[in-house]
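Good morning, and thank you for making time for this.

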2 protein chains.
Amino acid sequence: MELITDPAELQNSLDQMRADGKSIGLVPTMGFLHRGHLSLIKRAVAENDVVITTIFVNPLQFAANEDLSTYPRDIEKDSSLCLEAGTTKLFTPANEEMFCDTVLTSISVTVLSSVLEGITRPTHFSGVATVVSKLFNIVGPCRSYFGEKDWQQLQIIKKMVTDLSYRVEVIGCPIIRDDDGLALSSRNVYLSDDEREVAAIIPQALHYAHGKVKSGERQSQLLKDSIIEQLQKSSLVSIDYVEVVNGDSLEPVTTVDAQTRILVAVRVGSARLIDNINALVGINTA
Amino acid sequence: MELITDPAELQNSLDQMRADGKSIGLVPTMGFLHRGHLSLIKRAVAENDVVITTIFVNPLQFAANEDLSTYPRDIEKDSSLCLEAGTTKLFTPANEEMFCDTVLTSISVTVLSSVLEGITRPTHFSGVATVVSKLFNIVGPCRSYFGEKDWQQLQIIKKMVTDLSYRVEVIGCPIIRDDDGLALSSRNVYLSDDEREVAAIIPQALHYAHGKVKSGERQSQLLKDSIIEQLQKSSLVSIDYVEVVNGDSLEPVTTVDAQTRILVAVRVGSARLIDNINALVGINTA
């Protein structure tokens with residue numbers, strides 16, 4: 001595995017591979033890798049000749065009041081995990097290598113960016129879209145892999161790719177969970193032991209709602225109410241939103257169908273955690 | 001010369017050429033071609049193995065009160081001019097081929113987009129940047145050619161390319177002028193005979209200011225005043241702006257140096273006309 005920090009060096013090194021007809025898979029991450037990230041890398045390894053994993057804690061996607069400076073980092077452990085998972089080149093640019101000049105350009109995807117996470121994080125997805133677009137331009141991947149935990153991000157990137165005619169297949173991969181069902185997230189490290197134990201209530205509440213769907217319930221409002229009721233059982237959990245939406249358009253739906261996604265965001269201690277399921281499919285057991 | 005209207009067909013047809021190591025030059029236009037456009041195509045032909053000229057009257061860059069519906073079109077004449085100038089493939093997508101779905105994505109380049117033209121056309125450059133980015137993604141050019149008449153547009157596209165790490169060299173080409181100095185523009189067709197005759201006052205005023213610079217004048221305000229005075233000699237001319245700025249940052253400067261650009265926008269009848277010079281170099285005589 002090659003370690004590269006200079007964007008131009010990465011571009012040049014990929015030119016030859018592309019000329020040789022090799023397919024390139026991209027896994028953009030912010031590091032502090034867990035089994036969720038590794039599942040993306042492994043899928044990319046299975047589907048491409050060359051896999052580029054990027055680790056870049058993107059300042060553009062953090063608001064001033066957010067956790068940019070404290071976001072967990074462990075580049076040494078990340079490196080060995082990337083190598084194990086089959087990464088061909090690990091790209092870890094410094095801020096000044098990604099942005100040598102003041103950045104004036106930004107990409108926004110309206111409608112999709114202003115709902116759900118966008119309500120409390122109004123500039124977040126523009127920061128994501130801008131950097132993902134830049135990574136697409138640097139790497140020129142055939143396929144790029146994103147976790148379904150960030151469901152809204154995944155839809156926004158898919159829409160950006162369609163609208164701007166990027167030639168990359170955006171592949172969403174299933175959420176990877178701990179034994180008690182909690183979706184893996186680099187931010188889970190913010191949880192105290194007590195909070196970590198309580199956090200399992202999030203997938204449990206989603207699973208409970210899915211149980212209702214399996215028994216025939218189709219009314220979104222009743223499902224929302226049941227999830228809220230479950231989450232309110234713990235005083236450590238503060239609900240940000242529970243929404244039942246069309247999985248592509250992210251528009252609220254009143255009745256559940258095959259495209260329906262249930263998304264939740266809660267605060268547990270200092271951590272803000274998100275999770276989601278397809279209402280008919282429920283928690284994946286991967 | 002091949003005529004293509006389907007973006008996917010263009011992408012696929014260029015893949016083979018790229019694999020064969022051919023360099024690709026892109027000339028994005030809105031059609032109704034004049035010698036200015038042809039100079040871009042000819043330069044692209046001289047510098048690349050393959051030249052893609054695009055004709056697309058981009059709806060995203062017109063505000064509701066602007067001339068989208070009346071923008072001049074003549075695809076038959078354009079075709080034969082493109083062929084003559086050496087275009088390899090002429091890309092003329094219909095609106096619904098470029099945008100099969102509602103476009104939610106937009107690219108903005110702040111600061112550079114809000115001054116000069118941006119004051120009266122606040123959404124214009126976002127529409128330009130979005131479509132140029134899409135054309136870059138469809139064509140994947142090594143070089144792309146833009147006229148210096150749209151000086152502000154050229155700086156915005158250069159900045160977008162840097163910020164988003166697009167792998168394309170953006171090449172600005174000198175303004176092409178009529179015998180009396182008027183910068184060629186598809187919109188000159190809006191001028192009546194009287195207005196057309198009067199419009200030559202624009203390059204004359206710029207030339208007059210350059211004369212002052214040549215004689216040693218370096219104060220921007222005095223140059224602005226002299227241009228305004230010249231333009232006000234005709235009652236058919238209404239001044240939108242006269243600005244003396246740094247050619248890259250577009251920030252106003254008080255003293256002229258080698259980077260100084262003088263930009264003007266005026267209305268003559270129903271036409272809005274723009275022009276610009278490097279203060280030290282003056283009107284190019286190409």
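Just after helix 7 of chain A, A:Ser165 takes a positive phi of about 60°. Helices here (H or I, at least four residues) and strands (E, at least two) are DSSP runs, numbered from the N terminus. Please bear in mind that this is a predicted model, in which local features need pLDDT of at least 70, side-chain atom pairs count only at pLDDT 80 or more, and totals for chains, interfaces and linings use all residues. Residues are numbered from 1 along each chain as its sequence is written, while chains are lettered from A and ligands numbered from 1 in the order in which they are written.

Let us stay with helix 7 of chain A. A residue is buried if 20 or more other C-beta atoms lie within 10 Å of its own, exposed if 12 or fewer, and partly exposed in between, with C-beta atoms placed from the backbone. Among the buried residues are A:Trp151, A:Ile156, A:Lys159 and A:Asp163.

I turn to the interface. In chain B, 25 residues are in contact with 25 residues of chain A, contact meaning that the C-beta atoms, placed from the backbone, lie within 7 Å. The largest share of the side of chain B that touches chain A, 5 residues, comes from strand 5 of chain B.

How are the copies related? A rotation of 180° with 0.0 Å of shift along its axis superposes chain B on chain A, with an RMSD of 0.0 Å. The two copies are thus related as by a two-fold rotation axis. The superposition is by least squares on the C-alpha atoms of residues with pLDDT of at least 70 in both. Of the residues of chain B, B:Ile107 comes closest to the rotation axis, at 2.2 Å (C-alpha).

Finally, B:Gln221 lies in helix 10 of chain B and is exposed, with 11 other C-beta atoms within 10 Å.

Definitions and conventions
Contact = placed C-beta atoms within 7 Å.
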